[in-house]
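Dear colleague,

Please find below the structure that I am handing over to you. My notes on what was found in it follow directly after.

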Amino acid sequence: MGNLKIKGQPDIQGMVFNYDISGKCSLKAGGRVFAFAAVDNLEQLQHAYDFLRNIGLEVMVMGSGTNILFHQDFTNIGVLQLGRDFKHISNAKGLIKAGAAANLGKVIVEGAKIGYDLSPLSGIPGTIGGAIKGNSGNICSYVDSIRYFSGQGEVKCHKLKESDYGYRQFKAGQAEIILEAELAGSRGKPDKIMKNIREAIRKKKLAQPIGARSAGCFFKNPPGYAAGQLIQEAGLKGFRYGDAAVSGQHANFLINCGHASAEDIFVLSQIVKELIFLKYNINLEHEVRLVGF
């Protein structure tokens, strides 16, 4: 459905109600959410956020949809996606400054140009903000500070400490919506760093189903183990539930082979979790963010 007017509420430019969110997700599965809006600047973000909160909705911000799965039925939330003004990348005071919607791969390359080696993050899809929120690849260890929207109309800065993050966790709870981050890496020669980036991407292409519709690694690695190895050793590579399948290339990737619903993908993940628990007495935790389940 398109733009709707809610009686008694102001019209919000660009906000779509009863929105099919599946097209925004790399798994190409999911249902509808109450509202979705792409916001290009801080004023639009504030306006949309206030509107959604004032009608009693939970508000979430999504990046490029590479690490998320929405329920296939209706989910009563408002979803915001940061746009134009949040995609900048620059070199400021010897640090790499990037908007939360900036593509992580582009940030890594821009860092290389000024001699910062962020190559260990190469091949991780998505945006800076999304990567920080999930601490993908331990990106938070490269983050000096963030600028964030508090939800009360305030924009604040926060210098990251080690206590603010852990394995696939971002614990700075006051930073409801990340707007911008400043990053640094070890120093090196740009050509050498670019070589490291290309090699890291080459290895990931060999080991992971890069072209498939997936959400990246579906499960966190339990302490002392690799989730993909456990799933592979359990004989689950290629296992299917409908059009949802465990990748035959990397067993920690669940892929949409055709027209898998979000429910198909979720059920497959539960089957994998149950079989790993029965075989190894290990409880796998989802790394992919599940919304509405």
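With a relative accessibility of 37%, F277 counts as partly exposed (buried is under 20% relative accessible area, exposed over 50%, and partly exposed in between, with a 1.4 Å probe and protein chains only). This is a predicted model, in which local features need pLDDT of at least 70 and side-chain atom pairs count only at pLDDT 80 or more, while totals for chains, interfaces and linings use all residues. Residues are numbered from 1 along each chain as its sequence is written, and side-chain values use heavy atoms, with hydrogens and water left out.

F277 belongs to helix α6, residues 262-280 (helices, H or I, of at least four residues and strands, E, of at least two are DSSP runs numbered from the N terminus). Together with L275 and L278, F277 forms a nonpolar surface patch of about 280 Å² accessible area. Patches consist of residues with over 30% relative accessible area and no salt bridge, like charges being joined within 9 Å and nonpolar side chains (Val, Leu, Ile, Met, Phe, Trp, Tyr) within 5 Å; the areas come from the Shrake-Rupley method with a 1.4 Å probe, and for residues only the protein chains shown count as cover.

Turning to the strands, β7 (residues 95-99) is largely enclosed by the rest of the structure, because four of its five residues are buried. β7 pairs with β6 (residues 89-92) in the antiparallel sense over four bridges, where pairing requires at least two DSSP bridges between the strands. Antiparallel pairing over four bridges also links β7 to β13 (residues 177-183). I96 is the bridge partner of N91 and stands opposite L183 in β13. The hairpin of β6 and β7 has two residues between the strands, and K93 there takes a positive phi near 55 degrees.

The count of salt bridges comes to 12, each being a side-chain nitrogen of Lys or Arg within 4 Å of a carboxyl oxygen of Asp or Glu. One of them joins E287 and R168, with the closest N and O atoms 3.0 Å apart. E287 lies in the loop between α6 and β19 (289-291) and R168 in the loop between β11 (165-166) and β12 (169-170), so this pair ties together parts that are 119 residues apart in sequence. E287 is buried at 16% relative accessible area, whereas R168 is partly exposed at 24%.

Within helix α4 (residues 190-207), R202 and E199 lie three residues apart, about one turn of the helix, and their salt bridge has its closest N and O atoms 2.7 Å apart. D40, R84 and D85 are linked in a network of salt bridges.
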